[in-house]
Amino acid sequence: MTRFLTTARTLSTRILIVVCMTLLIATTYLTVQNYIEYLENTETAVQAKLAAIANTTALTLNGDVHEYVSEKYTKQGDINASFQDEHFMTLWKKLRTIKESNQLETEIYTLVWEEEKGFFEFVLHTSEQFFYRNPYKIFPATLKENYDKGGVIDGYETEHGMWISAFAPIKNSEGKVVGVIHVDESLDKFRDRAFSILIEDILLSFAVLIMGLALVYFFLKRIMDTEEANKRELMASYQLITKKNKEISDSIQYANRIQKALLPSEVDLRKYFDKSYILYQGKEKVSGDFPFVISNKETGEIFVAAVDCTGHGVPGALLSVIGHFLLNKLIGKDRISDPGMILTTLHKEIVALLRQEENSEMTNDGMDIALVKIDPNTNELHFAGANRPLVINQGEEIKTIKGNRFPIGGTQYQSRLGELVFKTHILNYSSGNTIHLFSDGYQDQIGGPDGRKFLSRRLVNTIKDHEHIPLLELGEKMEGIFVDWKGNLRQLDDVLLIGIEL
C-alpha cells in the first residue's frame, strides 16, 4: 500500500501535470486560433460576395433612370410608395429581385452625394418602408473617398449592430457617376456563430482532458510492479498520450479550419488526388484565371476545371467571382453532372446575367474553360471544353482532346452557329494516368532566345518529355521552365496549369 501510494503520488502527479498542461496549452491555442481564423475568413468571404453583388448590380442598373428619379424628386419624402413613379418602381423592383436571387437578409439601397449639404441621401431602398432623400450623415469615410470607383468597407458599428459593406458606382450612359449601390450584411450573426464554435471547442477540450487523465490512470495501474517496469510503462503511456493529443488536436484544427481564400489551392486539390499540383501565377495582384474543384459526395464524382476569364486584373477577377459562384450553383445546387450540359447552361446564364444580347459593350466578355468530371467508381473521365483542351497521358501515348472552338459567354458566335451546345467527350482511364488542364497564359508567354510565344505544342511536348518525373516534382519543373522562358520580359497574362495523377 505504501509503495502504491508513493508511486501514485510521484509518477501520477508528474504525468498528470505534464499532460494537463500540454493539453491545456494545445487546446487553448487551437481554440483561440480557430476562433480568430473563423472571424477573418468569414469577413473575407462576405466581402467577396458583397463586392460581386454590388458590382454586378451597378452594371445592370439603369444609371440614366436613376439620375432622372433623383433629380426629379429632390426633397425628403417626395416618394413614399413604389407605384408613385413608374421609373422609381422599375428600379425598386429590380433591386428587390436582386436581393431575393442572392438570398440577402439585409436591404440593398442606393445613395447620392449632396455636395452642398455634405452628406449622402437615400434614393432606393428594397424594404417596404421608403427612406427617399433621408439623410445619411454618419457614414464610413471610405464611402466618400471611393465614391466614383467603389470598394468594400471593413466591419463598422452603428446603432443597429456590426456591419460589413460593399459599394459600387452607378453610372449613366455618359459615364458620369450618379450614385452608388450599397450592399451590406450583419457581422453579428457570424460572431455569434464563432462564439458558439468557441464554446464547443472549450467543451471538447474538457473531453480531451478527461480522456488524457483516463489514459494516464489506466497505465499507472500497470506500472506498479517494478521500478524498471514503471519507467518503461510511464514512457510508453506518455508517448501514447502525446500521440493521441496530436491526433485530437489535428482533428479539431481540421474540422474547424475555414478556407483562407475563395478559390481552391493545391491543398484542396490533394484532398481528392494525392499526386497533383496547381501552377497559378496571376499577371497582377488579382487574376482572371482560377482553378475550380468540387465533389459530389453522393456519387463520388469529382469536378475539376481550369477557367480563363476575359482579361486579367480587376475585370477578369470580377468575372472569375461570377464564374465561381455559377459553377458552384450548377454543380452543387442544381446537380448538373454532364460537363457539356454544365458549360451550355453556364453560357446561357453568363449571357443573361451580363445582358449581352442587348448590351453591345459586353458582347465579347466571357471565359474559356477546360472542365472534367472524374468518376472513380467507373474509371471514366468526362470532358468538355470551351476553347481549351484536355491533355491526357494514358501510359502508351499522350492525347490532346480539343474542346469546342467557342467560349462561354458572348453573342459573337450565335449569329453563325445558332444556339451554342458544348460536347462531352468520354474516356476511360487507369490508375497512374495523368491529365493536364491549362489556360492560355503559359503558351502565349513571349520569351526564349528568339522572343517568341511558348505555344501550345511546346507545352504539350514539355509535359511529354518529363513524363518520367513524379507529378509532385513536375509542378516545380513546369514553374522553373516558365520562369526561364520569360526571363526578364514581363508576364503577359495570367497563368494556370493543373496536373493530376488519376
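Throughout these legends, a residue is called buried under 20% relative accessible area, exposed over 50% and partly exposed in between (1.4 Å probe, protein chains only). The structure is a predicted model, in which local features need pLDDT of at least 70 and side-chain atom pairs count only at pLDDT 80 or more, while totals for chains, interfaces and linings use all residues. Residues are numbered from 1 along each chain as its sequence is written, and side-chain values use heavy atoms, with hydrogens and water left out. Helices (H or I, at least four residues) and strands (E, at least two) are DSSP runs, numbered from the N terminus.

Arg335 is placed in the loop between helix 8 (313-333) and helix 9. Its phi is near 60 degrees, a positive value in a residue other than glycine. Arg335 has a relative accessible area of 46% and is therefore partly exposed. Asn379 belongs to the loop that joins strand 10 (367-375) and strand 11 (380-386); phi of Asn379 is positive too, near 55 degrees. With 31% relative accessibility, Asn379 is likewise partly exposed. For context, most residues other than glycine have a negative phi.

**View B. Helix 9 and the residue that follows.**
Helix 9 comprises 15 residues (339-353). The expected span of a helix is 1.5 Å times one less than its number of residues; for helix 9 this gives 21 Å, in agreement with the 21 Å between its end C-alpha atoms. Buried positions in helix 9 include Pro339, Gly340, Ile342, Leu343, Leu346, His347, Ile350 and Val351. Arg355, which follows helix 9, has a positive phi near 50 degrees.

**View C. Strand 7 beside strand 18.**
Five of the six residues of strand 7 (residues 276-281) are buried, so this strand is largely enclosed by the rest of the structure. Strand 7 runs antiparallel to strand 18 (residues 495-501), and six bridges join them; two strands pair if DSSP finds at least two bridges between them. Ile278 stands opposite Ile498 of strand 18.

Rings of Phe, Tyr and Trp (its six-membered ring) pair if their centres lie within 6.5 Å; planes under 30 degrees apart count as stacked, over 60 as edge-to-face and the rest as tilted. The whole structure holds 16 aromatic pairs. One of them, Phe88 with Tyr132, is edge-to-face, at 6.2 Å centre to centre and 75 degrees between the planes. Phe88 lies in helix 3 (residues 86-101) and Tyr132 in the loop between strand 2 (119-125) and strand 3 (135-136), so the pair ties together parts 44 residues apart in sequence. Phe88 is buried at 1% relative accessibility, and Tyr132 is buried at 2%. The rings of Trp92 and Phe130 form a tilted pair, with centres 5.9 Å apart and planes at 40 degrees.

**View E. Charged groups over aromatic rings.**
A charge sits over a ring if NZ of Lys or CZ of Arg is within 6 Å of the ring centre and within 35 degrees of the ring normal. The charged end of Lys144 sits over the ring of Trp113, 4.9 Å from its centre. Arg458 lies over the face of Phe454, at 5.5 Å from the ring centre.

His66 lies in helix 2 (residues 63-72) and is buried at 0% relative accessibility. Leaving aside neighbours within four places in sequence, His66 is in contact (heavy atoms within 4.5 Å) with residues including Leu91, Val112, Leu124, Ile170 and Val178. His66 and Ile170 are 104 residues apart in sequence and 8.4 Å apart in space, C-alpha to C-alpha.
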